[in-house]
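Thanks, everyone. Let's go through this one quickly, charges to begin with and then the core.

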Amino acid sequence: MTTTASVSTHILDTSLGRPAQGVTVHLSARTGSGADWQPLGEGATDADGRCRDLPTPPEGTAQVRLDFAVEPYLAERGDAFFPEVTVTFAVRAGEHYHVPLLLSPFGYSVYRGS
């Protein structure tokens, strides 16, 4: 059995109907609601919109935060109403969490994928 959770993500630009390339994604973790966030690392989305190099959260992680720096990506296309998107979610050891971001200039949505 795996003692930690694993996290992956990708971004789809729904206004263009294609992956969002070059978006920096920061990963942080904490042991519970009152604990401090510990930065774990960052990566950038590739041509397929996937961030393939996020680190594995340490043992004891209860919550994970993904910070998507979407402003530079959206600004290249005109407007960046949301300069960043932050998603926080609970994790359990041994499970994989794929959290896609569906992005457009004036809205976004996230969900737990597979």
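Is Glu 76 buried or exposed? Glu 76 is exposed, at 65% relative accessibility. On the cut-offs, buried is under 20% relative accessible area, exposed is over 50%, and partly exposed is in between, with a 1.4 Å probe and protein chains only.

A word on the source. This is a predicted model, where local features need pLDDT of at least 70, side-chain atom pairs count only at pLDDT 80 or more, and totals for chains, interfaces and linings use all residues. Residues are numbered from 1 along each chain as its sequence is written, and side-chain values use heavy atoms, with hydrogens and water left out.

Now the salt bridges. By that I mean a side-chain nitrogen of Lys or Arg within 4 Å of a carboxyl oxygen of Asp or Glu. The whole structure has seven. Glu 76 pairs with Arg 77, with the closest N and O atoms 3.2 Å apart. Arg 77 is partly exposed, at 40%.

Next, Glu 95. Glu 95 bridges to Arg 92 at 3.6 Å, N to O. Arg 92 is exposed at 59%, while Glu 95 is partly exposed at 26%. Glu 95 also forms a salt bridge with Arg 112, at 3.2 Å between the closest N and O atoms. Glu 95 sits in the loop between strands E7 (85-90) and E8 (96-98), and Arg 112 in the segment after strand E10 (107-110), so this pair ties together parts 17 residues apart in sequence. Helices (H or I, at least four residues) and strands (E, at least two) are DSSP runs, numbered from the N terminus. Arg 112 is partly exposed, at 48%. There is also a network: shared partners join Asp 46, Asp 48, Arg 50 and Arg 52 through salt bridges.

On to the core. A nonpolar core is a set of buried Ala, Val, Leu, Ile, Met, Phe, Trp, Tyr and Cys residues joined through side-chain atoms within 4.5 Å. The largest has 23 residues. Those with the most contacts inside it include Ile 11, Phe 68 and Leu 101. Among the elements that each supply at least two core residues are strand E3 (24-30), strand E6 (63-69) and helix H1 (71-75).

Last, E3. Why is E3 largely enclosed by the rest of the structure? Because five of its seven residues are buried. E3 runs antiparallel to strand E4 (38-44), joined by six bridges; two strands pair if DSSP finds at least two bridges between them. Ala 29 has Gln 38 as its bridge partner in E4. E3 also pairs with E6, again antiparallel, over seven bridges. There, Val 25 stands opposite Phe 68.
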